[in-house]
Amino acid sequence: MDLKSQAEPTLKNAVVLITGANGGLGTEFVRQALERGARKVYATARTPREWGDERIVPLALDVTDAASIAAAAAAAPDVTVVINNAGATSPHSSLLDADLTETRALFETNFWGPLAVANAFLPALTATKGALLNVHSVLSWLAIGDAYSATKAALWSATNTQRLRLAPLGVHVAGLHLGYADTPMTAGVDAPKLAPADVVRDAYDGIEAREYEILADDLSRQVKAGLAAPITALYPDLLPVGSTLARA
């Protein structure tokens, strides 16, 4: 298949399914999909809410529950775009914990969940030659987030596999990387934050432009570029104490 000859994905007349639709980014994904001409949006959440718009279909979906995912896929067979937005943080989970229970739970939401959702909707996406967007993080490339970083790094790697396997079937797979966005999930973070509307605009622009990796802020672009440098460039704490580079 000549991938360059494929039509670019578009939100106009699309049927979009968004996981974690009740959250800060999720709400923007719903709103902006409609602004761009989507004819239907499945707004999914563990506890879906009413939206007051006949174009929006509230749908129960728990990404950690196989039966819930299967039921959602059966209820939404006409999907053309899947936005894997649902995610979680767990400040008490760590890869170095003796008990990895919380870390395993984080992987269920941030890694296994998005994979299961994508797989459940593959028949719909392949039939329509649709698009899949996985929401990553700048921490996919930066391990300072401990277990959270590991979940997002795993999803980033899996997204590359999905691209390679699904491109010949006509399904476009994109990944969205960003720093902190101003959402309830980051309410306790004291740092500059991105406006959710800007992040989602960049995400949809990237999908429609058939981009594979969508970098929503300068931090993500800088960290991505730094992956080619020595590892101490990203992690200066690994430099010997007293090093000139460590003091820079």
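This is a predicted model: local features need pLDDT of at least 70, side-chain atom pairs count only at pLDDT 80 or more; totals for chains, interfaces and linings use all residues.
Me: Which residues of helix α7 (residues 218-226) are buried?
Reply: Buried here means under 20% relative accessible area. In α7, Gln 222 and Ala 225 are exposed and lie on the other side. The buried residues of α7 are Ser 220, Val 223 and Gly 226.

Me: Why do the buried residues of α7 line one face of the helix, and within what arc do they fall?
Reply: The buried set is Ser 220, Val 223 and Gly 226. Looking down the axis of α7, these residues line one face because they fall within an arc of 130°.

Me: Which are the edge strands of the open sheet?
Reply: The sheet has seven strands with parallel pairing, in the order β3-β2-β1-β4-β5-β6-β7. An edge strand pairs on one side only, which applies to β3 (56-60) and β7 (213-215). From one strand to the next, the twist averages 20°.

Me: What angle does the direction of helix α5 (residues 147-166) make with that of β6?
Reply: Helix α5 packs on the sheet, where it touches β5 (131-135), β6 (172-177) and β7. Angles between N-to-C directions run from 0 to 180 degrees. For α5 and β6 the angle is about 160°.

Me: Which residue of β4 is the bridge partner of Leu 17?
Reply: Strand β1 (residues 15-18) pairs with strand β4 (residues 81-84) in the parallel sense, over three bridges. The bridge partner of Leu 17 in β4 is Val 82.

How values were computed: Residues are numbered from 1 along each chain as its sequence is written. Side-chain values use heavy atoms; hydrogens and water are left out. Two strands pair if DSSP finds at least two bridges between them. Helices (H or I, at least four residues) and strands (E, at least two) are DSSP runs, numbered from the N terminus. Contact means heavy atoms within 4.5 Å. Buried means under 20% relative accessible area, exposed over 50%, partly exposed in between (1.4 Å probe, protein chains only). The arc is that of the directions from the helix axis to the C-beta atoms.
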